[in-house]
Amino acid sequence: MSPGDAKDVRISELEAQLAQRDERIAQLMAQVGALTQRVAELEQKLAQNSSNSSRPPSSDAPGGPRPGKKPTGRRPGGQPGHKKHERRLVPPEEVQHFVELVPKQCKGCGRRLVGKDAQPRRHQVVEVPPLSALITEYRSHALECTACGTVTRQPVPFHARSAFGDRLGALASLLVGKYRLSKRLVKDALSDMLGVELSVGSVVNLEEEMADALEPAVLQATQYVQAADTVHADETGWVEGREQGRGKRAWLWVVATALVALFHIATSRGGKVARALLGEDFTGFLVSDRWSGYAWYDAGLRQVCWAHLTRDFQGFIDRGGTGGRLGKKLMHQRNLFFTWYHRVRDGTMTRQDFEKRMPEVEREVGRLLRRSAARAEKKTAGMAREILQWEKCLWTFVDVPGLEPTNNFGERCLRHAVMYRKTSFGTQGPQGSRFVERLLTAVTTLKLQRRGVLSFLTDTLHAHRRSLPMPSLLPAAEMLQLANAA
């Protein structure tokens, strides 16, 4: 081989090596690009909190700054000049014991004092009497007939077949459904406070009985909600039973009016559940988030939650870039009209003036969302396009006095159930779900109406065991009038 041929061979070898290295560099650059994108996505997820995503506040890092809250520099607790709150004294007719404290001599000169103060200063001490269970024993006698020899035993009344009375059964259900105690803790609590010994199985049996007793009241509540003028709807994840060793996914739904809240646990998050809860004939206004399960309903009668939109706009800002700049402008428009809305609510702006100002805001928000959809970064643009699909539902509250722009009321109704889920880890099956949804319906509804829960559950169990007319969860006429006036 001549020197020229050897040189050509060497050049070919080097060119091949260079091509291999270029190919490897291209592969590595693609890998670096993919990893860079992955890191950016993970950093965005890490930066998510309750102010810029749908994550609940309970998922925020403990001890960190509260999103959207600027430090004030003040110490926690009541601030100087804050309005004083004192415990109200109960009226004299509700006091069981009086102790008259009358001075006998003057603390200045020691002279004897006579008479009584016409308006003495009142100080009350509240105490609980020693708690103990009241036990009723039914003695079922058997007598033999002198004529035929048949032995007849007088049976225990049906309402007394359970070993636990109406109020005790209601208390056990209340400790589970409202105070979120486990069944074993309910057993221990009743033993510690009342000296009542019962098993965990007895707590379960009382739950099942309470679920059956509440069925008529919950059916009435369902009909009431379906006929309402305005309903707030929301849903959250749940667990019902286990499947292949893991919790089986379900959802807890709530549809709520101002005075009645209806809960339902289903294994679906689809629109069929929402249709069943609201009823096919529902024609009221529906306030909800943008979940597709509500897409079947008339857009002209829907109000999309602006609290969710606020978090989305904050997400625009936090992701930065073109979308971040547009997000700041969107947030400005949001803050502007919420200021006006709050002024209408506190009476410093007329509703007519508010409605005159809003069209300009509506046009500007639409323009900014369209710019975001066309020019912003990929994720921000996608979110803007999704919001624009529901543009007609953003402003229903402007034309309907009394309709709220957020679904905060629905989320507040759901909050207790979310905390219950965290400690109970869901339910074991449909039977447990019926108890939870019906008791949550009763507890939340009675709270909205400011009615006593224990007395209602006691009356419900009492009526159920004796086949008497059942107590109702529907609001009294005067409560309904107050709600309509508000």
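Keep in mind that the model is predicted.

Now to helix α9, residues 378-389. It has 12 residues. From first C-alpha to last, α9 reaches 17 Å. At 1.5 Å a residue, 16 Å is expected, so the two values are close.

Which residues of α9 are buried? Thr380, Ala381, Ala384 and Ile387. These four cover an arc of only 120° around the axis, which puts them on the same side of α9. An α-helix has 3.6 residues a turn, so residues three or four places apart point the same way. Turn to the other side of α9, and you find Lys378 and Gln389 exposed.

What covers the buried residues of α9? The cover includes three helices: α6 at 306-319, α7 at 321-346 and α8 at 351-375.

Next, the strands. Strand β3 is residues 230-243, and strand β6 is residues 285-288. They pair in the parallel sense, over three bridges. Look for threonine 230, which stands opposite phenylalanine 285 in β6. Strand β6 also joins strand β7, residues 302-304. Again there are three bridges, and β6 and β7 run parallel. Here leucine 286 stands opposite arginine 302 in β7. So much for the strands.

Last, two arginines with a backbone angle to check. Take arginine 180. Its phi is near 60°, a positive value in a residue other than glycine. Where is arginine 180? It lies in the loop between α2 (166-177) and α3 (183-194). Its relative accessibility is 28%, so arginine 180 counts as partly exposed. The band for that label runs between 20% and 50%.

Then arginine 450. This residue has a positive phi of about 60°, although it is not a glycine. Its place is the loop between α12 (430-449) and α13 (453-466). Is arginine 450 buried or exposed? Exposed, because its relative accessible area is 80%, and the cut-off for exposed is over 50%.

To recap the arginines: both phi values are positive. Arginine 180 is partly exposed, while arginine 450 is exposed.

Definitions and conventions
Residues numbered from 1 in each chain as written. Predicted model: local features only at pLDDT ≥ 70, side-chain atom pairs only at ≥ 80, totals over all residues. Heavy atoms only, no water. Buried < 20%, exposed > 50% of the residue type's maximum accessible area, 1.4 Å probe, protein only. Arc of directions from axis to C-beta. Contact = heavy atoms within 4.5 Å. Pairing = 2+ DSSP bridges.
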